[in-house]
Amino acid sequence: MTLGGWRAWGGLRARLVVAFVLVALVSAVTATGLAYRESRTAVLDRKQDAVRSDFRGRVEQVAADLSMPPDEVSLTRFAVSVAEGLGDAVVVAEYRSLTASSDASADRTRISRSLRDAVRDRNRMSLQRVERHGSPYLVVGTPVTFASGPPSGLDVFAITSLRAEEDDTAAILDSVRDGLLPVVLLAAVLALLAARTVLRPVRELGRATRRHAAGDLTSRVAAPSGRDELADLARDFNRTAEALEKSVAELREQEARARRFVADVSHELRTPLAAMTMVATVLDEDAGQLPPDAARAARTVSAETARLARLVDDLMEMSRFDSGAARLNLGEVDLAETLRGTLALRGWTSRVHAQLPSGLRAVVDARRVDVAVANLVGNALRHGAPPVSLKVVAAGERVTVEVADRGPGLPPEVLPHVFDRFYKADSARARSEGSGLGTAIALENARLHGGSIDVANRAGGGAVFTLRMPWRRGCGEGDA
Amino acid sequence: MPHVLLIEDDASVRDGMELVLRRHGYAVDTAASGEHALALLAGPAGHGIELAVLDLMLPGMDGFEVCRRLRASGSAIPVVMLTARGDDSDIVRGLEAGADDYVVKPVTAPVLEARIRAALRRAEPVRRRPDEDTYAGLVIDRAGLTVTKRGTPLALPPTELRVLLELSASPGQVFSREQLLRSVWEHDFLGDSRLVDAAVGRLRAKLEDVPARPVYIQTVRGFGYRFGPV
């Protein structure tokens with residue numbers, strides 16, 4: 001049997017079947033035990049009564065002809081004639097030291113000492129059931145008395161076999177025993193049927209729940225027809241599932257609307273921004289020839305336009321991540337070369353201490369790695385203190401890019417929020433350069449690569465951002 | 001004085017760009033729609049135009065279609081695309097439609113200008129070896145800047161021609177995408193290998209008998225491209 005089969009048998013079904021069979025067994029055994037005892041008692045009692053009355057009648061009848069004291073011959077004749085009216089009983093007569101029996105070969109040890117004593121001492125008819133060599137016998141003993149006289153000293157015993165009665169009651173037992181197996185089987189079958197009716201809905205409920213847990217909110221239990229507790233449970237489950245599905249659908253719809261809104265807003269902002277960005281250059285170029293106030297205004301407009309353009313770019317990028325539209329565009333690059341390009345493009349080469357060993361060819365999305373690292377380095381340059389260092393290490397299955405600075409590090413309460421969107425570590429710095437989306441975007445880019453970014457404070461001061469990516473190793477230049 | 005055509009439906013953006021480009025010594029023509037731009041380029045006024053800056057989201061005929069029609073009409077002028085959405089799929093579509101470069105809005109004036117200058121430089125005649133090279137039916141005339149295949153001349157836009165000249169100058173040598181970006185596009189941004197892939201794709205479509213099994217321009221997996229061996 002499979003593991004699942006064993007589990008099923010250790011489950012509700014097995015317990016139900018065992019309980020049913022046990023109940024059936026106990027009730028059958030109890031009922032038949034009682035019936036057996038009652039019928040056995042009744043059979044034996046009837047036999048006993050019959051033997052007793054027959055025996056008493058014969059003894060009284062035959063004793064009248066006996067002359068006292070008897071000799072051995074008359075005693076034997078007495079025993080034989082008593083036995084004649086008692087079917088197959090063996091009659092033993094005792095008078096002092098004389099003993100006579102209707103059947104010479106009879107086994108007299110069947111008459112126990114206790115019976116003899118009871119007959120003699122109590123002076124009335126006594127009986128006893130004895131077992132000899134596996135056969136049951138009824139032994140009846142009586143003293144012979146003559147009308148209102150003293151005890152005559154003559155005791156008569158009749159030994160009757162109870163074999164027929166024993167056989168009758170044994171037959172009852174046998175038939176009961178034979179009936180027990182079908183009863184148990186029937187109980188088991190009934191238990192299985194009962195288990196099925198209970199288990200099927202329960203199992204279906206379980207399946208539906210598991211599908212729900214796996215994210216299939218449309219799963220339902222087949223419409224229950226009954227009016228029992230299980231049907232109620234199934235109906236409740238369906239109602240709950242429906243409510244859940246509706247809420248989740250509403251939430252998703254709301255979320256999608258919010259994302260669409262961000263994307264639409266960003267997109268709509270682009271066109272006026274494109275015009276402003278162009279014109280701002282003109283203002284910037286001509287600022288030198290303007291009066292001081294107008295020059296400052298022109299430069300501010302230009303700088304703020306650039307900041308707004310970056311913010312909109314970041315928002316677009318974020319909405320692409322949120323909507324799942326961001327895709328990896330993998331290509332093989334030399335990581336050191338890519339990161340040197342990242343620094344050079346932004347004019348950071350002289351401000352960052354780079355440790356970039358060449359020869360690390362990896363399959364990555366170069367643009368995304370560039371964006372992620374640029375955000376981390378830009379962060380360090382803005383908020384940390386020099387020297388800022390950039391380090392690439394390939395260790396085992398992963399490539400690690402480490403960006404560290406020598407500033408005061410991050411306050412402990414800020415650390416868990418570093419990657420939150422628009423999180424500003426210091427409200428006084430709310431107007432700082434950057435959108436507040438930089439670290440969030442860096443993290444999303446790392447995740448897209450199957451990697452992560454951790455942040456920690458260095459023992460010697462300063463913060464360390466560690467970008468880890470699985471290393472899809474490139475083929476190397478030798479492949480050319 | 002380079003002559004540029006701006007195809008942009010938004011008046012403010014168009015005016016802003018025109019202002020900036022004029023101040024930096026460009027002669028500028030503008031078109032508010034793709035249809036207008038195509039008519040302009042096909043007419044007598046179109047002869048002086050050396051480069052087009054093409055917005056993708058245009059009313060009516062969109063930028064992709066304008067670019068395709070332009071190339072289909074045999075025009076080889078460099079096209080710099082302006083994409084408002086900046087999604088990868090838009091950029092790739094634009095490049096495959098035949099653009100030489102793309103710029104994501106909003107763009108600063110210096111960047112736009114640099115891109116335009118680079119595209120114009122690529123369109124200048126290239127002179128390396130005053131020879132004619134023949135490779136299995138493909139004749140590359142480096143002096144006349146013509147490419148013929150089994151006697152049929154191929155119309156190649158400047159960017160594609162430059163890629164072919166660059167690769168065929170050293171047959172058998174592998175060029176990485178970054179190398180090609182720097183030498184052909186004079187791009188300083190290392191991430192845009194899609195430009196190279198799109199140009200090679202278009203080149204193959206014109207050059208190869210079976211573009212899916214290229215003979216002339218071969219891909220060296222994980223590294224770049226190589227001309228031949230044929």
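The secondary structure of chain A comprises 10 helices and 12 strands, where helices (H or I, at least four residues) and strands (E, at least two) are DSSP runs numbered from the N terminus. This is a predicted model, in which local features need pLDDT of at least 70, side-chain atom pairs count only at pLDDT 80 or more, and totals for chains, interfaces and linings use all residues. Residues are numbered from 1 along each chain as its sequence is written, chains are lettered from A and ligands numbered from 1 in the order in which they are written, and side-chain values use heavy atoms, with hydrogens and water left out.

Chain A has 480 residues, of which 39% count as buried; buried means under 20% relative accessible area, exposed over 50%, and partly exposed in between (1.4 Å probe, protein chains only). Among the contacts in chain A with a separation of 6 or more, 63% are between residues 24 or more positions apart, a contact being heavy atoms within 4.5 Å.

For residues 227-261 of chain A, an unreviewed UniProt entry lists "coiled-coil region"; UniProt positions are given in the numbering used here, feature names are shortened, and annotations may be inferred rather than shown by experiment. In the model this span is 94% helix and 0% strand, and its end C-alpha atoms lie 48 Å apart.

Further along chain A, five strands form an open sheet in the order E7-E9-E10-E12-E11, with mixed pairing; two strands pair if DSSP finds at least two bridges between them. Strand E7 (352-355) and strand E11 (452-457) of chain A stand at the edges with a single partner strand each, so one side of each is left without a neighbour in the sheet. On average, and with direction ignored, neighbouring strands of this sheet are turned by 15 degrees against each other. Axes here are lines fitted to C-alpha atoms, for helices over the stretch in contact, and angles run from 0 to 180 degrees between N-to-C directions.

Within the sheet, strand E9 (residues 388-395) and strand E10 (residues 398-404) of chain A pair in the antiparallel sense over seven bridges. A:Val392 has A:Val401 in E10(A) as its bridge partner. Helix H9 (residues 366-383) of chain A packs on this sheet, touching E7, E9, E10, E11 and strand E12 (463-470) of chain A, and its direction makes about 170 degrees with that of E12(A). Helix H10 (residues 438-448) of chain A lies across E11 and E12 of chain A and runs at about 135 degrees to E11(A).

Chain B contains eight helices and 12 strands. Of its 230 residues, 57% are buried. An open sheet of five strands in chain B has the order E2-E1-E3-E4-E5, with parallel pairing. Its edge strands are strand E2 (27-31) and strand E5 (101-104) of chain B, each of which pairs on one side only. Neighbouring strands of this sheet are turned by 20 degrees against each other on average, direction ignored. Strand E1 (residues 3-7) of chain B pairs with E2(B) in the parallel sense over five bridges, and B:His3 has B:Ala27 in E2(B) as its bridge partner. Helix H2 (residues 34-42) of chain B packs on the sheet and touches E1 and E2 of chain B, its direction making about 155 degrees with that of E1(B).

Strand E3 (residues 51-55) of chain B holds B:Asp55, for which an unreviewed UniProt entry lists "modified residue: 4-aspartylphosphate". B:Asp55 is buried, with a relative accessible area of 0%. Not counting residues up to four places away in sequence, B:Asp55 touches B:Ile7, B:Glu8, B:Asp9, B:Gly63, B:Leu82 and B:Lys105.

The largest nonpolar core has 50 residues, of which B:Leu164, B:Ile217 and B:Phe227 touch the most other members. A nonpolar core is a set of buried Ala, Val, Leu, Ile, Met, Phe, Trp, Tyr and Cys residues joined through side-chain atoms within 4.5 Å. Helix H8 (residues 193-207) of chain B gives the largest share of this core, seven residues. Domain 1 (3-122) and domain 2 (132-227) of chain B both contribute residues, so the core lies between them; the domain bounds come from an automatic or database domain assignment. Apart from this core lies another, of 40 residues, including A:Val352, A:Val373, A:Leu390 and A:Phe465.
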